[in-house]
Amino acid sequence: MKCFYCKGDTVETKTKFIVDLGECVVIVKGVPGRVCQQCGEVSYSNDVSAQLERIVNAVKNSIMSEVAIIDYEKGVA
Ligand SMILES: [Zn+2]
């Protein structure tokens, strides 16, 4: 798979996905993605994007702290 931005080569990696919801920052650890070796841009597969969306929505509906740290593999209970 080539980088969407610069067409550089990408390699599989585990990344952190961070989203700021205003009241709360969500950090998802161990997200499987692909990082571009040329520009460092990270991209996710459709499945991973959908799962990240589910996690963020679940956190939005149950904000308990200012920072939520979630393990991608475990997801949201
Ligand atoms: Zn790139």
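In which segment is K7 found? K7 is found in the segment before β1, a strand that covers residues 10-20. The model described here is predicted.

**Overall build**
- The C-alpha trace of the protein chain spans about 40 × 20 × 15 Å along its principal axes.
- The protein chain has 77 residues, of which 14% are buried.
- Taking contacts in the protein chain between residues at least 6 apart in sequence, 54% join residues at least 24 apart.

**The segment before β1**
- K7 has a phi near 65°, which is a positive value in a residue other than glycine.
- Most residues other than glycine have a negative phi.
- K7 counts as exposed because it has 11 C-beta neighbours inside 10 Å, and the cut-off for exposed is 12 or fewer.

**β1 and its hairpin with β2**
- β1 lies largely in the open, because one of its 11 residues is buried.
- The pairing of β1 with β2 is antiparallel and runs over 10 bridges.
- These two strands, β1 and β2, form a hairpin, with four residues between them.
- Within the turn, G22 has a positive phi of about 95°.
- D20 stands opposite V25, a residue of β2.

**The largest nonpolar core**
- Eight residues make up the largest nonpolar core: F17, V26, V28, V31, I55, V59, A68 and I70.
- Two or more residues of this core come from each of β2 (25-36), α1 (46-60) and β4.
- The element that gives the most to this core is β2, with three residues.
- F17, a member of the core, is in contact with V28, V31 and L52 when its neighbours within four places in sequence are left aside.
- Of these contacts of F17, V28 and V31 are also listed in the core.

**The segment after β4**
- G75 lies in the segment that follows β4, the strand at residues 67-71.
- Is G75 buried or exposed? G75 is exposed, because 12 other C-beta atoms lie within 10 Å of its own and a residue with 12 or fewer is classed as exposed.
- G75 and L21 are 54 residues apart along the chain, and their C-alpha atoms are separated by 18 Å.

Methods: Residues numbered from 1 in each chain as written. Predicted model: local features only at pLDDT ≥ 70, side-chain atom pairs only at ≥ 80, totals over all residues. Buried ≥ 20, exposed ≤ 12 C-beta atoms within 10 Å, placed from the backbone. Core = buried A, V, L, I, M, F, W, Y, C linked by C-beta atoms within 7 Å. Contact = placed C-beta atoms within 7 Å. Pairing = 2+ DSSP bridges.
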